[in-house]
Amino acid sequence: MDAFTQNLIFTVLKIAFVLTFTLLGVTMVILAERRFSAFIQDRLGPNRTWFGGLGQSFADGIKLIVKEDVIPNHVDRLVYLLAPVVMMTPALMIGAVIPFGATIPSGELWLPLLGANLENLVLQIANINVGILYFVSVTSIGVYGIVMGGWAQNNKYSLLGALRASAQMISYELPLGLSVVAVVLMAGSLSLGEIVKVQQEGFWFILNFPAFLVFLIAVFAETNRLPFDLAECEQELVAGYHTEYSSMKFGMFLLAEYANLITSSAFIVTLFFGGWDVPFYDETAHGLAGVLLSVIVFAIKISFFVFLFIWVRWSLPRFRYDQLMHLGWKRLLPISLATVVGTAILMVLFKDLYH
Amino acid sequence: MATKTISVDIKTVKNDVYLVEIFKGLLLTLKHFLKIGAKSAYLAPTERRAGKLSTNNRATIQYPEEKWVPYPQYRGLHRLNKDEQDRTKCVACEMCATACPADCIFIEAERSPWADEFPNDPKREKHPKIYEIDVLRCIFCGFCEEACPCEAIELTEIYDFAAYSRENAVYDKEKLERVYDLTKDGKFYQEGRKLDFEF
């Protein structure tokens, strides 16, 4: 086998791993959301299917696939059919740039199976040097799915939901991008692999707490999670942009929402919590076991943030729309601008301590 | 009484920053999540009055395995009471059928086998040959219970008696007397009993 084929096989394996992780993760997160919300409300939640309810999401999935697929007469068919796809695709695409484990040291036992002359053993599907730009741009494609869905259904409430979602996305993209700029300043690179490496060698970027806080809040808004889920608030807009979707098309919206949840958590971890970095441990010290540990630690960190998302959703009431805009433009934007300037000043002042 | 004006300043810096209040809210839900120090809002009234925590501090009753025990005044499935010698108390006076707003009771009377034992009691001369209650029509108002002069028909605490066919949902005399046997001590759900006839 030549190097190209080997690289191809390795990449396909990585893609398979990330997709499996995301999609299986989605089923587990949906179950976790239902169980945890139940615990918070002194209930039990679904606990009958398989072991303690583990099969619940699969049962739900089968139900959604088998259900009748209704396309109402008054919809814009092409846009209507395209919207779930446009929503789902970016949600899965984001996983491509996330580094999910330490680089595999060459000379491992299993490598001859793939061929010994593999060069790129980085556990990241595509270590592109504009990883952060990729993240910001691909997440904002997701909002097209919402807008298209709301438009295609040809009813007021869905359209209102879509409009709210788009305005909200635009408002919160700014603080999101600016808080990322602070991270980029500290890392000195746009590549996510490089950002993790810098954090591994130095300190986790959680030390830049204001940037983290702004990023966290902006991500809540970007994923349309509860304090900011004005695009689909039941009391005002029925179900917002997915009101008239049924069967698996609704399932795709649901899947995309939770896939976004996981990838957003992965990004929070990558940017501020050292990615796959295991604290006080050299991942390259014990060969493959160390790499495996780093992947597991990464998954644990993601799980914590997914839990945070769920926890916040079942604790806080929804913002009013003017409050949302107020928070986005008058609070988060100045804070994030100040963070960028402050970080830059500190970087210059303590240049010698760093790098 | 003079009007008392209370001014609450909600526009404080603390409230405006949101984060403090959000953190307090998160702490409260975390307490419920971990089941420490937070009382369930879903206690039974008696337990709530006693200030108790419910079992496992949760509201869910896992139905087929655990069953909710109704209060004594609950109006569920009917029963036909029997006297000490296992004879039905019903005298087929049809007061219940008359009182029934849903018209779900059907009675056909005949001379009772024990009529000669009560020469001075005209009430025990008759007994129902057929006594049927269509529980699909019944609205569980309890008027039959109130109308009955002999305390023969009563509503019990049984609430899970769904049937697979309409025929099985018509309770005849044998079934209603069997319900009496199962519920006479009032511990149908406490003892985990089940209705043992065909549904």
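Let me start with helix 1 of chain A, residues 3–40, whose 38 residues should span 56 Å at 1.5 Å a residue, and whose end C-alpha atoms are 53 Å apart, which agrees; the expected span here is 1.5 Å times one less than the number of residues, and helices (H or I, at least four residues) and strands (E, at least two) are DSSP runs numbered from the N terminus. Please keep in mind that this is a predicted model, in which local features need pLDDT of at least 70 and side-chain atom pairs count only at pLDDT 80 or more, while totals for chains, interfaces and linings use all residues. Residues are numbered from 1 along each chain as its sequence is written, chains are lettered from A and ligands numbered from 1 in the order in which they are written, and side-chain values use heavy atoms, with hydrogens and water left out.

Just after helix 1 of chain A, D42(A) takes a positive phi of about 60°. Most residues other than glycine have a negative phi. Two further residues belong with this one: N154(A), with phi near 60°, sits in the loop between helix 5 (131–152) and helix 6 (156–187) of chain A, and D86(B), with phi near 65°, sits in the loop between strand 1 (78–80) and helix 4 (95–99) of chain B. N154(A) is exposed at a relative accessible area of 56%, and D86(B) is exposed at 55%, where exposed means over 50%, buried under 20% and partly exposed in between, with a 1.4 Å probe and protein chains only.

Now to the helix pairs. The axes of helix 1 of chain A and helix 2 of chain B, residues 19–34, come within 7 Å and cross at roughly 100°; axes are lines fitted to C-alpha atoms, for helices over the stretch in contact, and angles run from 0 to 180 degrees between N-to-C directions. That makes helix 1 of chain A roughly perpendicular to helix 2 of chain B, since angles of 65 to 115 degrees count as such, those under 35 as roughly parallel, those over 145 as roughly antiparallel and the rest as oblique. F36(A), F39(A) and I40(A) meet T29(B), H32(B) and F33(B) here, contact meaning heavy atoms within 4.5 Å.

Within chain A, the axes of helix 5 and helix 6 come within 8 Å and cross at roughly 175°, which means that helix 5 of chain A is roughly antiparallel to helix 6 of chain A. Helix 7 (residues 192–201) and helix 10 (residues 247–272) of chain A pack at about 50°, with their axes 8 Å apart, and helix 7 of chain A is therefore oblique to helix 10 of chain A. The residues that make this contact include L192(A) and I195(A) of helix 7 and L271(A) and F272(A) of helix 10.

What of the interior? The largest nonpolar core has 95 residues, and among those that touch the most other members are Y172(A), L271(A) and F272(A); such a core is a set of buried Ala, Val, Leu, Ile, Met, Phe, Trp, Tyr and Cys residues joined through side-chain atoms within 4.5 Å. Apart from it lies another core, of 32 residues, including C96(B), C104(B) and Y189(B).

Last, in chain B, H127(B) lies in strand 3, residues 126–134, and counts as buried at 6% relative accessibility. Leaving aside neighbours within four places in sequence, the contacts of H127(B) include T88(B), E108(B), W114(B) and K173(B). H127(B) and W114(B) are 13 residues apart in sequence and 9.1 Å apart in space, C-alpha to C-alpha.
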